Amino acid sequence: MTAPRDTAIDIALLDAEGVRPQVAAAGAAIAPAPDARTNIFDLDRTGLEDFFEQKLGEKRYRAHQVMKWIHHRYVTDFDQMTDLGKALRAKLHEHAVVRAPEVLLEKPSADGTIKWLIGMDPKNAIEAVYIPDKGRGTLCVSSQVGCALNCSFCSTATQGFNRNLTTSEVIGQVWVAARQLGNLPHQRRRLTNVVMMGMGEPLMNFDNVVRAMNIMRDDLGYGLANKRVTLSTSGLVPQIDRLGEVCDVSLAVSLHAPVDELRTELVPLNRKYPIEMLMEACVRYALRKKGASVTFEYTLMKGVNDQPQHARELARLMRRFDNAVQMKDAAKVNLIPFNPFPGTRYERSPEEDIRAFQKLLQEARVLTTVRRTRGDDIDAACGQLKGQVMDRTRRQSEFRKRLAAGGGT
Ligand code: SAH
């Protein structure tokens, strides 16, 4: 297999750390006329306290009242926030709005999974997925419109990239789902876990994602324990270190191959941050949080990375990780059966190969789970999220051309 042709574009984006400035430009070009008022959804607790104190000249605890109205009771109209005085409500109208993203489509699956298509601006939409399971409800949240990386087996990659989501657009997905599900954060929890595993690379949208995760973990927000919020990354090493400094969430890393040559083919970012460097960053992350484990995601593709020698090499890598952090089961492997999408050249590994792969890992005493495929009847399974992306790279049109010509990724 050869590396995708447009990898160069993505690496250039990364090298220049150019995603942020480009995003600002993109937003300016297509977003509706900017509203000078602050969107309360863009602020976590500290930000909102500062806003009340510095911008409105009010007491900081007012921020707490407003957060509860929004995240616990789903009230977005200041006039319905009855414990705020009339004068304060008028001030809020003048300086602030509570603007959640718009649900364009709600699609339930036969297995209870629900997918929402959520509009971010007139031209872009992302997807969020709710996955209920015994005693838990997990929401899979997107962090970008499209993705600037170009993992060869991911459907989001074929959409190209438009921009980072704002904090309000990230937490807005949680708000939309929680409201639709009738979630009451401290009484009736329908939403017990959030995984940053939707569209996009969350660590390329660092500040907004961290702020949104703060609200998820805040008692005035969704009250989720640290370990119930998981960030999944394709392996941006400096940002993994930064994450360890500012927050305490569970880390999942998209490994997909135990050796560099194969990983680079699947996750081109590996060229910049090869496996050894990535594993060292994971060790630092785990050591910083005593007793924390790191989950390594491994999508199994037929004949590509699912052979016994891959399992053995993966087991070696995982054992080295456990030794480095001096903790049994510090590394967990989550095997994901590949979810196909139109035009892909990969296939899902046969059931018996998945079981054999898991058995080899377990025999090597590596804690291994297989992710059950959920919501694939509504294209909501891992790697199938597409949304609507006004691509700013050439990737979407190139993929369409290849598809029309009978080829794929
Ligand atoms: N960009 C982040 C977040 C995406 S999380 C990351 O790479 O971690 C989604 C997970 O599903 C990742 O592990 C991703 O590699 C995996 N994935 C992508 N496409 C897939 C597919 N078609 N089938 C199964 N898993 C896939």
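Visitor: Which residues does Lys386 touch, not counting residues up to four places away in sequence?

Guide: This is a predicted model in which local features need pLDDT of at least 70, side-chain atom pairs count only at pLDDT 80 or more, and totals for chains, interfaces and linings use all residues. Residues are numbered from 1 along each chain as its sequence is written. Two residues are in contact if their C-beta atoms, placed from the backbone, lie within 7 Å. By that rule, the residues touched by Lys386 are Glu127, Ser155, Thr156 and Gln159.

Visitor: How many residues apart in sequence are Lys386 and Cys154?

Guide: Lys386 sits in the loop between β14 (367–370) and α13 (395–404); helices (H or I, at least four residues) and strands (E, at least two) are DSSP runs, numbered from the N terminus. From C-alpha to C-alpha, Lys386 and Cys154 are 9.7 Å apart in space, and their separation in sequence is 232 residues.

Visitor: Is His256 buried or exposed?

Guide: A residue is buried if 20 or more other C-beta atoms lie within 10 Å of its own, exposed if 12 or fewer, and partly exposed in between, with C-beta atoms placed from the backbone. His256 lies in the loop between β11 (250–254) and α9 (260–266). Because His256 has 28 C-beta neighbours inside 10 Å, it counts as buried.

Visitor: What is the phi of Gln326?

Guide: Gln326 belongs to the loop between α11 (308–325) and β13 (331–337). With 9 C-beta neighbours inside 10 Å, Gln326 counts as exposed. Although Gln326 is not a glycine, its phi is positive, at about 50 degrees.
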